[in-house]
Amino acid sequence: METNTIAFIGLCNEYCQHVEGAREAEREDFIDAMLRVIPRIYISAFDIKPDMYLDEDVYLDQALDEDYYDAVRRNMEQLIGADDTYLDVFEEDMKYSDTPVAFSISEKLADLFQVFYNFISTVRDATDENVALALHGVAEEFRGYWSKELCSVFRALNNLKFRD
């Protein structure tokens with residue numbers, strides 16, 4: 001396994017641990033942890049070069065159930081408090097809206113948690129071939145979806161950290 005693959009798996013695991021620990025975390029510590037891990041995940045995912053390129057889409061098993069997703073989202077929402085809502089000017093729907101489009105930091109973080117949790121669950125105890133397939137799938141999702149989500153929530157968290 002490539003060094004970048006191992007690093008990416010480790011970063012996804014670190015992210016998941018911080019999200020799962022949000023209930024016991026201090027707000028500033030949680031925000032700091034997210035601001036440290038999110039850009040590293042972006043860089044690592046950006047550099048993923050899967051060994052195999054497939055003509056078909058790869059879907060990761062959905063290991064995260066809805067109740068657990070809701071629980072971690074609620075824990076982060078309570079931790080972040082009134083500052084959980086933010087506006088994103090890069091949202092495609094902003095072009096067509098007369099009103100600002102609001103998003104939730106906790107929901108974005110939970111959506112990313114779902115991606116990383118499912119990925120970690122897939123690669124845990126997997127063969128090298130299955131890890132390569134999972135990397136291919138998560139890299140495709142990165143390019144098509146979650147890279148934008150990662151950047152969006154990073155900007156919102158950065159604003160919380162440095163707005164004063």
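Residues are termed buried under 20% relative accessible area, exposed over 50% and partly exposed in between, with a 1.4 Å probe and protein chains only. The structure is a predicted model, in which local features need pLDDT of at least 70 and side-chain atom pairs count only at pLDDT 80 or more, while totals for chains, interfaces and linings use all residues. Numbering starts from 1 along each chain as its sequence is written, and side-chain values use heavy atoms, with hydrogens and water left out.

The protein chain contains five helices and two strands, taken as DSSP runs numbered from the N terminus (helices H or I, at least four residues; strands E, at least two). Along the sequence the elements follow the pattern α-α-α-β-β-α-α. Of the 164 residues in the protein chain, 43% are buried. The chain exposes about 9,500 Å², of which carbon and sulfur atoms supply 48%; accessible areas were computed by the Shrake-Rupley method with a 1.4 Å probe, and for residues only the protein chains shown count as cover. Contact denotes heavy atoms within 4.5 Å. Among contacts between residues at least 6 apart in sequence, 79% join residues at least 24 apart.

Helix α4 (residues 105–123) and helix α5 (residues 128–162) have axes that come within 9 Å and cross at roughly 155 degrees. Helix α4 is therefore roughly antiparallel to α5, a term applied to angles over 145 degrees, whereas those under 35 count as roughly parallel, 65 to 115 as roughly perpendicular and the rest as oblique. The axes are lines fitted to C-alpha atoms over the stretch in contact, and angles run from 0 to 180 degrees between N-to-C directions. The crossing of α4 and α5 is left-handed, that is, the near helix is turned anticlockwise from the far one by less than a right angle. Residues of this contact comprise 18 nonpolar, two polar and four charged. Here Ala, Val, Leu, Ile, Met, Phe, Trp, Tyr, Cys and Pro count as nonpolar, Asp, Glu, Lys and Arg as charged, and the others, Gly among them, as polar.

The loop between α4 and α5 holds D125, which is exposed at 80% relative accessibility. D125 is not a glycine, yet its phi is positive, at about 60 degrees. Most residues other than glycine have a negative phi.

R73, in helix α3 (residues 66–80), is buried at 19% relative accessibility. Beyond neighbours within four places in sequence, R73 contacts S106, E107 and A110. N4 belongs to helix α1 (residues 3–20) and is partly exposed at 21% relative accessibility. Not counting residues up to four places away in sequence, N4 touches S44, D47 and I48.
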